[in-house]
Amino acid sequence: MRLLALASLLALVAPVQAWAQGSVNVYNWSDYIAEDQLKVFEKDTGTKVNYTTYDSNEILDAKLRTGKSGYDIVVPTASPFFVRQLAASLYLPLDKAKLKNWNNLDPEIMAALAKYDPGNAHGIPWMWGTTGIGYNVAEISKRLPDAPVDSLRMIFDPAVVSKFKDCGVMMLDSATDVLPAALKYLGLDPDSKKTEDLAKATDVVKAVRPFIRKFHSSEYINALAGGNICLAFGFSGDVFQARDRAAKAKDKRDIAYAIPKEGSLLWIDVAAIPKDAPNPANALRFLDFLLEPKVAAASSELTGYANGNRAAFALLPKDISGNPLIYPPADVRNRFYTITAGTPEQTRERTRLWTTVKTGR
Amino acid sequence: MRYVIALPFLWLGIFFLLPFALVLAIALGTNAPDSVPPVDLGIGLKSFTLLFTDDLYLAAWLTSLRIAATSTLVALLLGYPMAYAIARAAPRRRPLLLMLVVLPFWTSFLIRVYAWMGLLDENGLLNQFLRWSGIAANPGTILGTEWAVQLGIVYAYLPFMVLPLYAVLEKLDVSLLEAAADLGARPIAAFLTITLPLSLPGVVAGCLLVFIPAVGEFVIPDLLGGTETLMIGKVLWDEFFTNADWPLASAVAICLLVLLAAPIALFQRQQARGPEPARERRR
């Protein structure tokens, strides 16, 4: 009996040992890597990948701030999360000499990312995309045949949005995505932190508030796909997901995505190594693996997002690399904008303004 | 024996007092976004004073109280007849009926709330039925309103109301009611003068079990509610996750606890003190 207890205890301890020695703990967005590639990495390096997923930047942020998260690789969105985590020195600087695939990265995306992380010292761009307008083609054209679908007027002009109140409008519940877009709509600097500019942006959103069913950062995927709403301001990849789900549904709905011609907030998800990572050497090896063109290409094929790997571009199927909504042409890319994090006081002011927009208080 | 009695206190100490002390310590510290964890410990009341300079927190708290109170009342009005019926059912059928009350717990809470979204959506099952049956051609949607939040809370917490009520009603001596009938009391009078007062501990327990978690509820308003339904759980989430201000989030949590615990403790003391003079008189 005692022998049996000892044996089961050993069985419990043994995997922990292996885990502590040759493994890498990856914490990534759900559906964000071609998982067969993980097996390739395990076979090539003999390092076990403990792969877990999350679906909210805030959860990741709280885990990192608590300390000792136990993760070797995490993939936060560049702004505002990766930036404010950088300010708290939560990441290890990358030893680029050990990243032999570094030069595969796309210089344009690297330059955008360097605004947050000078010299790209702490992270590599994994996937990127835009913030724009998702809509139900049939419902929109029924109500407003010449709707300005590729303009921010679609979501910020009360005369336009009011037409779609009855079929449902949703907007991201995120001050850092919607207020910069409202500033852009007004022709102001989308990164402005000035109180008077933010007040003007708040007024823009308040004017369309009566026509918006809900502010939520993920519900619009199902709502668009299921025909419960006809218009959403959201992330490119999420709208693509809604489009694919709607196309598979019984009563096929045509969901489309448009990048606002005024400009779009560029989001980049960054792979980085937390400062207290238990296996930093394996983490570097894993980052280098992510930089291999075939890994990035296989993952883009799965997710439908653009990746930050220029060498992977040639390996992509035409329906991804040739899709102007995934890899937009230069004139659209030139109107991308990014925003900086700002001080904690500015964050608080922005959140407070946002609550005012949503609740009238 | 003494150790056995100490066990609940140990439990209370480890799982309530210790975490509470930690939260209090964070609430008294200052926000330090650039350190891990993002708090500088110390004794300061900055986070608490901020709570009182902005009426957002008071408004959110009042909304939460209002929603929790109405949900509790509805749960009581639904749960009491249910518990009564189960307690009066044939003894061999009671286990089955109780099982039916508890059965929803076998499915994840989150999935059950999600299921309500599927029912209440614009193109959800409810509206599909209304359109199909011709009751309403354009029924509108209650998903995203306060009604949906109340419905969700009543649905999710109803078993917590039914079970303590059942426990009390089941023990109730039926011969008391027979005696009342013999003395000429109508069923309603007998219910009001005998059953209801004797089941009061169950009513109080059930109401507390529904009311307290409902005040701090986050998932139900997030999924079923609209944007304008400002509840304290959402405010706390914003402070902790969006603003990453742990001290302020902790201060909100402490105020919530104190404002809830004080009236409950007072009520409990009243309850405990109440019967004593009566007992003395009897002597």
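Q: How many bridges join β5(A) to β8(A), and what makes them a pair?
A: In this predicted model, 5 bridges join β5(A) to β8(A), and the two strands run antiparallel. Pairing requires at least two bridges between the strands, so with 5 bridges these count as a pair. One of the facing positions is A:Ile133, whose bridge partner in β8(A) is A:Phe233.

Q: How do you know that β5(A) and β9(A) pair?
A: They have 4 bridges in the antiparallel sense, and the cut-off is at least two, so they pair as well. Here A:Asn136 stands opposite A:Ile255 in β9(A).

Q: In which sense do strands β6 and β8 of chain A pair?
A: Strand β6 (residues 169–171) and strand β8 (residues 231–235) of chain A pair in the parallel sense over 3 bridges. A:Val169 stands opposite A:Leu231 in β8(A).

Q: What is the order of the strands in the open sheet of chain A?
A: The order is β7-β6-β8-β5-β9, which makes 5 strands with mixed pairing.

Q: Why are β7 and β9 of chain A called edge strands?
A: Each of β7 and β9 (255–258) of chain A pairs on one side only. Helix α12 (residues 236–248) of chain A packs on this sheet and touches β5 (131–136), β8 and β9 of chain A. The direction of α12 makes about 160° with that of β9(A).

Q: How many of the residues of β5(A) are buried?
A: The figure is 6 of the 6 residues, so β5(A) is largely enclosed by the rest of the structure. To count as buried, a residue needs 20 or more other C-beta atoms within 10 Å of its own.

Q: Is A:Asn120 buried, exposed or partly exposed, and how do you know?
A: A:Asn120 has 19 other C-beta atoms within 10 Å.

Q: What is noted about the phi of A:Asp31?
A: A:Asp31 is not a glycine, yet its phi is positive, about 50°. Most residues other than glycine have a negative phi. A:Asp31 sits in the loop between β1 (23–29) and α2 (36–45) of chain A. With 15 C-beta neighbours inside 10 Å, A:Asp31 counts as partly exposed. A:Asn120 also has a positive phi of about 50°.

Q: Is the peptide bond from A:Ser79 to A:Pro80 cis or trans?
A: That bond is cis, with omega near 5°. A:Pro80 is found in helix α4 of chain A. In chain B, a cis peptide bond joins B:Val36 and B:Pro37, with omega about -10°. B:Pro37 is in the loop between β1 (30–31) and β2 (39–40) of chain B.

Q: What is A:Leu224 in contact with, leaving aside its neighbours within four places in sequence?
A: Its contacts include A:Asn136, A:Ile229, A:Val239 and A:Ile255. A contact is called when the C-beta atoms lie within 7 Å, so each of these residues has its C-beta atom within that distance of the one in A:Leu224.

Q: How far apart do the C-alpha centres of domain 1 and domain 2 of chain A lie?
A: They lie 27 Å apart. The contact between the domains takes 11 residues from domain 1 and 12 residues from domain 2.

Q: How many residues does the contact take from chain A and from chain B?
A: The contact takes 26 residues from chain A and 24 residues from chain B. On the chain A side, α17(A) gives the largest share, 7 residues. By class, that side has 6 nonpolar, 11 polar and 9 charged residues.

Methods:
Residues numbered from 1 in each chain as written. Chains lettered and ligands numbered in written order. Predicted model: local features only at pLDDT ≥ 70, side-chain atom pairs only at ≥ 80, totals over all residues. Contact = placed C-beta atoms within 7 Å. Nonpolar A, V, L, I, M, F, W, Y, C, P; charged D, E, K, R; others polar. Domains from an automatic or database assignment. Axes fitted to C-alpha atoms, helices over the stretch in contact; angles between N-to-C directions. Buried ≥ 20, exposed ≤ 12 C-beta atoms within 10 Å, placed from the backbone.
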